[in-house]
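Q: Hi! Could you walk me through a few spots in this one?

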Amino acid sequence: MPTILFNKPFGVLSQFTPEGNHRALDEFHFPKGVYAAGRLDHDSEGALLLTDDGKLIHKLLDPKNGHPRTYLVQVEGQISEAAIQKLENGVLIKGYRTQKCRAEIVPEPEDLWPRHPPVRFRANIPTSWIKITLTEGKNRQVRHMTAAVGFPTLRLIRIQIGKLSLSGLKPGEWKPVRFSFQDLL
């Protein structure tokens, strides 16, 4: 069975069993036997891989096999180039210095789907967007990193895993993909 690329909506857990008031993967009619190969928190959106290939899941989750994951991030405030430099050089979060990454300020995406519920709007506090690519994946890492440089994350969307891009998938949509692990590097 091929691996599946899924555009995980906001508020959905990266597991098949609902918990609390959170939706889960069980409602999206995936083929039987697939599991999430990684995770996105319920308050994050975007690219999630599912597969029945245990070896691939192990490769994706093993920290020694760091592979790029790219995120669009809406942050509170007008982020500065100095903050971007700090992100790129690695920041200290919970006693851990993050690895170097790529980060850049980007315009608000024109073709981005609306989030339900929408991000809170405060007229006196602007927001800005960045694109950040990491090769590691600590728990809530992007959120911790942007907060560490003074710009809390409001919206987080993983748009790409390696060379696999959401490429037009709407939230809740998925498609089979064929690739080798090398395509993710």
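What follows is a short chat about a helix and a lysine.

A: Happy to! Keep in mind that this is a predicted model.

Q: Good to know. Let's start with α2: which of its residues are buried?

A: Ala83, Ile84 and Leu87 are buried in helix α2, which covers residues 81–89. Viewed down the axis of α2, the buried residues fall within an arc of 100°, so they line one face of the helix.

Q: Why would residues three or four places apart point the same way?

A: An α-helix has 3.6 residues a turn, so residues with that spacing point the same way.

Q: Nice. And what is exposed on the other side of α2?

A: Glu81 and Lys86 are exposed there.

Q: What do the buried residues of α2 pack against?

A: They pack against strands β7 (102–106) and β8 (127–134), and also against helix α3 (141–148).

Q: What follows α2?

A: Gly90 does, and its phi is positive, near 100°.

Q: Switching topic: is Lys8 buried or exposed?

A: Lys8 has a relative accessibility of 0%, so it counts as buried. Lys8 sits in strand β1, residues 3–8.

Q: Which residues is Lys8 in contact with, leaving aside neighbours within four places in sequence?

A: Lys8 is in contact with Ser14, Leu40, Asp41, His42, Ser44, Glu45, Gly46 and Leu48.

Q: Last one: how many Å apart are Lys8 and Asp62 in space?

A: Their C-alpha atoms are 22 Å apart, and the two are 54 residues apart in sequence.

Technical notes
Residues numbered from 1 in each chain as written. Predicted model: local features only at pLDDT ≥ 70, side-chain atom pairs only at ≥ 80, totals over all residues. Heavy atoms only, no water. Buried < 20%, exposed > 50% of the residue type's maximum accessible area, 1.4 Å probe, protein only. Helix = DSSP H or I, 4+ residues; strand = E, 2+ residues; numbered from the N terminus. Arc of directions from axis to C-beta. Contact = heavy atoms within 4.5 Å.
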